[in-house]
Every structure is written in C-alpha cells, then in structure tokens.
Amino acid sequence: FDSLPYFIAPNQGTAIWAPDGEGYIKAYETFEEFAGENSDAFSYDSSTNTLNMTAAFSKTVTNPGDMGGAFFNADVTLDLNGQTWTLSNRNQIVINGKVEVTLKDSSGSGGMISATGSVGVIETLGSLNIQGGKLQGGSFAIIVDGNSAVNMTDGEISGSLYAIAASDPSDGTAGTSRTINISGGKVTGGQGNFYLTNQYKT
C-alpha cells in the first residue's frame, strides 16, 4: 500500500459521470439528466439538490482501467433511501476536487453502497459528509486524497483491510491536506480502522 489511487478529474462542466448500462462511462450534464435516464433507480429533487435512490442500481463499467464507476463533479446529496448501489468489476465512486457530497439514508436503515473487487468504495478528492447509510467492501471503504475532508456523524463504513485510507504528501500530493472528522456511526476494518501511508492508526 505504498501508494493509493489518485484520479485525474473528468470535465467538471458535467454533474456526474456514470456507467451507461452498456459497459461504458457516460457524462451527464445535470443530475436531472442522469436521474431521467436511470429513472428505474433514481429521482432528483432540484429544490433540495438531492439525488434519491428509488431501487437498486448496479450498472458497471466493463473495462474500467483507472476510470471505472461514477464521478461526482458537482455538489449533491445522495439519499440511499434503503436501497443498494452495487459497484462491481473494480468500479468505485469518485468525488472530485472542490465538490461536496452528502450521503444519507432517509429510510433509517438498509441503504448501502457495496463494492466488490475494487480498491475503494468511495475515493474523495473533495468533501464527503456521511450522515447515514453503509459503505461496504473494497480494500478500503473510503480513500481520502487531494485537498479533501470526510465528516461522519452517522452510518457505517467497513473495508476488507481498513475502513479509511489516507495518503500523505510524500505520495506526490504535496501541498494538499486531508481531514477526517468522526463524531458518530461505526467504523470497522479487517486489519484496522485507519490506514495512513507510512503510518498506522486504529
């Protein structure tokens, strides 16, 4: 684990990049467009800027390389609403720099983002606020990179190795800072709760 993934941000003139259902990744200019094309699993409330899950979602990028899964390029609240977003084939979710995503589960339980075969469930280069829901799978549930912050007040995160991994400036991201604030919820990892490059903390 001498280095962690660091993704080049896609065009931030778009709201989200996500699997198109045919094995490729597609750029959506707005969350309305994304929800409209995936209306069997999402709806979008513009008054609250909330992307609501209404059913399970499991579209995947077939040959992801370093660009698999979904990229959030604009601020939004993602309400799992008791549903499951399944990431497979090394796909993961990336929150790009200067973007703030709030994760919650208005159902109170059952909402989950699950990953199999990936390094992380979510990699954040921006801000991730966890107010509910569950992140499960991947070597790390969350990878913290770039100028980023994770603020957790509720929910549950677990990774097969560590729950949260953070790189340090020696990994080629000098001049950046990472902040992790946890005041509630549950954090678990197979080998420990936190992995900091060249450091260990549980």
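# Briefing: core, strands and loops of a predicted model

The largest nonpolar core has 42 residues, and W85 and I113 have the most contacts inside it. Another core, of six residues, lies apart from it, and its members include F140, L161, Y162 and A165. The structure is a predicted model, with an average pLDDT of 86 for the protein.

**Core and aromatic residues**

- In soluble globular proteins, nonpolar side chains tend to be buried together.
- Beyond its neighbours within four places in sequence, W85 is in contact with F42, M53, F57, A70, F72, L78, I93, M112, I113 and S114.
- A search of the whole structure gives 13 aromatic pairs.
- A pair of aromatic rings is described by the distance of the centres and the angle of the planes.

**Strand β12 and its partners**

- Strand β12 covers residues 127-137 and pairs with strand β9, residues 100-104, in the parallel sense over four bridges.
- Within this pairing, T102 has N129 of β12 as its bridge partner.
- Strand β10, residues 112-115, runs parallel to β12 and is joined to it by four bridges.
- Here A115 stands opposite G137 of β12.
- Strand β14, residues 148-159, is also parallel to β12, and eight bridges join the two.
- In this case Q136 stands opposite S158 of β14.
- In a regular strand the side chains alternate between the two faces of the sheet.

**A buried loop residue: A41**

- A41 sits in the loop between α1 (31-37) and β3 (42-45).
- A41 has a relative accessible area of 0%, so it counts as buried.
- A41 and A55 are 14 residues apart in sequence, yet their C-alpha atoms are 4.4 Å apart in space.
- Besides A55, the contacts of A41 beyond four places in sequence are N52, M53, T54, A56 and F57.

- Most residues other than glycine have a negative phi, and most peptide bonds are trans.
- R90 is not a glycine, but its phi is positive, near 65°.
- R90 is found in the loop between β7 (84-87) and β8 (92-95).
- R90 is partly exposed because its relative accessible area is 46%, which falls between the limits of 20% and 50%.
- K98 is not a glycine either, and has a positive phi of about 65°.
- K98 lies in the loop between β8 and β9.
- K98 is exposed because its relative accessible area is 84%, which is over 50%.

**Confidence of the prediction**

- The average pLDDT is 86, and 84% of the residues score at least 70.
- Over residues 1-8 the pLDDT is below 50, and this stretch has 31 contacts in the model beyond near neighbours in sequence.
- Over residues 198-202 the pLDDT is also below 50, and this stretch has eight contacts in the model beyond near neighbours in sequence.
- Where pLDDT is low, the predicted coordinates should not be read in detail.

Methods. Residues numbered from 1 in each chain as written. Predicted model: local features only at pLDDT ≥ 70, side-chain atom pairs only at ≥ 80, totals over all residues. Heavy atoms only, no water. Pairing = 2+ DSSP bridges. Buried < 20%, exposed > 50% of the residue type's maximum accessible area, 1.4 Å probe, protein only. Contact = heavy atoms within 4.5 Å. Core = buried A, V, L, I, M, F, W, Y, C linked by side-chain atoms within 4.5 Å. Phe/Tyr/Trp six-rings, centres within 6.5 Å; stacked < 30°, edge-to-face > 60°. pLDDT = per-residue confidence, 0-100.
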